[in-house]
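Here is a short note for a colleague who has not seen this model before. Please read the points with the structure open.

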Amino acid sequence: MKATPFLSTMSAAVFVAGMATGATLDDVRANGELKCGVSTGLVGFAAPDASGRWEGFDVSFCRSVAAAVLGDPEKVQFVPTTGKTRFTALASGEVDLLARNTTWTFSRDVDLKFSFIGVNYYDGQGFMVPKELGVASAKDLDGATVCIQTGTTTELNLADFFRSNNISYEPVPIETNAEAQQQYLSGACDVYTTDASGLAATRASFENADEHVLLPEIISKEPLGPLVRHGDDQWSDIVRWTLNALVTAEELGVTSANLAEMQKGTNNPEINRLLGTEGDLGAMLGLDADWAMKAIGAEGNYGEVFEKTIGEATPIGLARGLNAQWTQGGLIYSPPFR
Amino acid sequence: MPIDTSAAFVRTSEIPPSPPPPSETGLVKWLRENLFSSVGSAILTIVSLIAIYFILSLAIPWLFNGVWNASSLSECREAMEGKVGACFAVLTERWNQLLYGFQYPASEYWRPNLALILLFFAAAPVLFFDLPRKLLIITAVYPFVAFWLIWGGTFLGPLIAFLGLAAAYFVFERVGKQNFALGFIGAIAAAFAIWIVGGGLIPDSASDNAMLKAVPSRDLGGFMLNMMLGATCVSLSIPIGILLALGRQSHMPLVRFVCVIFIEFIRGVPLITLLFVANVMLAYFFPPESTVDLFIRVVIMITVFSAAYIAEVVRGGLAALPRGQYEAADSLGLDYPQAMRLIILPQALKISIPGIVNVAVGLFKDTTLVSVISMFDLVGMIRGPILASTEWNGVYWELLGFAAALFFVVCYGISQYSQWLERRLATDHR
């Protein structure tokens, strides 16, 4: 019954449904839109702009998947989730795909029964200090006071790092990033530590950003990636290869600008297979032949999305670093389209 | 007796009163008595003055140097040229998002505005009982009109919901006079019959070309969401709370038992837990396509929570009444509903007013907790989308100060109304 929420509460029968399983692709096609779980707001990764349109690194990936599956990057229903509600939203079928800079860990993959389909951002825990402290390396931080978010993996990483380097520190526990900014700026702690992307975004919001530096050490591995439910391999293949298509497109120099030209056919057979002018990769996935072309056309290839949302031209100003293509010395690497 | 004329001068008129010494008059006297009456209070005065000076010397330049026109925090800082100042531009640029959330269609803002204005008309007959009783019809119709205005879509939905309730009322009035149980069950049956038949008659496409564009619940947000949750939950939880309080005092063991367990269970659980249950757990129990709307799930949880508190407040009022009042009602031959309606509740509720208002104000502020289950109320908008935008990351005081001001206005209004109500109802001799 579609009438109104008011009536549906009053007369809806209560069904006890099992976990949503089976053909997610069919559900998405039937709904006519992709339900994509994103953050309620994280600088550069997902946030609505002044006119209410979602923008960001994770948001772009949702649009690319929607374009590949439904042919229209705008057919996405963004479901905002908090760190606490994200996994239940995915497990209960409220979202088809979770792109919410979630760290790929063993227990989330195995115990919570999700499939991480790849890594779209390699993050790691870093340190920010005021320049006037004159510190060049995290190993010089002996005796420093450190602002640290409680109850996170960053807290444990920090303890490990200082112990293995035989230096001491004094933790200043804080609850949220907003609180950390205030504490750090008021001088309650010498060092602020969290994920490097978060540090860069925080630093970008400072009045005198030049007076603060990020130290070169990265003390933990935080591979962030989109994830789907266990048990629907076709759907996880679609999402995985959409990400791979974006990465491969950058590697092969296919951009949203030259896409139309490339589609006419090139001398490079891998580009032709990717764009569907040769072979039948799309049909193997259960999608149209030009699925990857639509995915790339949505927001551009991996590199374009990166530069547009969190790259060096944006206020966040993240360098590619580990997230450069493998040909450029980074870790971004896609299996071949063959 | 002869007059002694040896004196050179005899005063014949009264000396005009001289002014009091300067230390005993005007400002000086007031200062001496109120601010410097002892060493201790003198020290306190001076310390307070210094504190006030410090606060004002920080706050006034911050307020008056404020920048109202900029499109990002960095532009604000450029405009201030290194001086201290607030960046109020975030409020002007994100004004609509703060009030309506970021998804409510901009062309439809007049609808919640109109619903808010109508709310005053609908609430007036309840709040000010000197108004003619006929106006209560507005109050009865209002929820359905407001629902239609805010959510849009076909007007048949709220219309059928209203007709169902009206039929229930009608059946109860007719049958309930003779036989309470028959009337009660008949009323419920009539309501459900109309809802199910009427709900089936609404074509699925009714909302597609409706006069008012349909807006799904997840698109609601901003202070509008706080107001909607606050108004709905307060108005639902007061009657439910009164019923629970009466049920707890009932002589029927089953009713008393159910009410006690309900109240104690709900009071023993934090609201945030209930909200998580509403958001997270219920999603497991419903199939994905027929879930109950999130807004309604949240309304149910907040209402249940505050009804339990109001029940205890009202029970306090009932307990404060002298036993003679109950006996007087019995001796007049009134039955239970009459005794409650005419004698007990009017007095008990009067005693409970401060407590009920306390719960209502607390409930209104608790509506901001929905931001933890990813609903974008005022605080959720600030913490999520606005602070996470690249333009406004780092603006805290201005946004949270604005939220505090909005909540203060509403809560202070509620508190002033309750004081007026207490004065208006004061019939005791002091």
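1. A residue counts as buried if 20 or more other C-beta atoms lie within 10 Å of its own, as exposed if 12 or fewer do, and as partly exposed in between; C-beta atoms are placed from the backbone. R63(A) has 22 other C-beta atoms within 10 Å, so R63(A) is buried.

2. This is a predicted model: local features need pLDDT of at least 70, side-chain atom pairs count only at pLDDT 80 or more, and totals for chains, interfaces and linings use all residues. Residues are numbered from 1 along each chain as its sequence is written, while chains are lettered from A and ligands numbered from 1 in the order in which they are written.

3. R63(A) sits in helix 3 (residues 57-70) of chain A. Helices (H or I, at least four residues) and strands (E, at least two) are DSSP runs, numbered from the N terminus. Which residues does R63(A) contact, leaving aside neighbours within four places in sequence? They are P73(A), V76(A), A298(A) and E299(A). Contact means C-beta atoms, placed from the backbone, within 7 Å.

4. Now the sheet. Five strands of chain A form an open sheet in the order 10-9-11-8-12, with mixed pairing. Strands pair if DSSP finds at least two bridges between them. Strand 10 (169-174) and strand 12 (212-214) of chain A are the edges, each pairing on one side only.

5. Strand 9 (residues 144-149) of chain A runs parallel to strand 10 of chain A, joined by six bridges. Within this pair, I148(A) stands opposite P173(A) of strand 10.

Definitions and conventions
Two residues are in contact if their C-beta atoms, placed from the backbone, lie within 7 Å.
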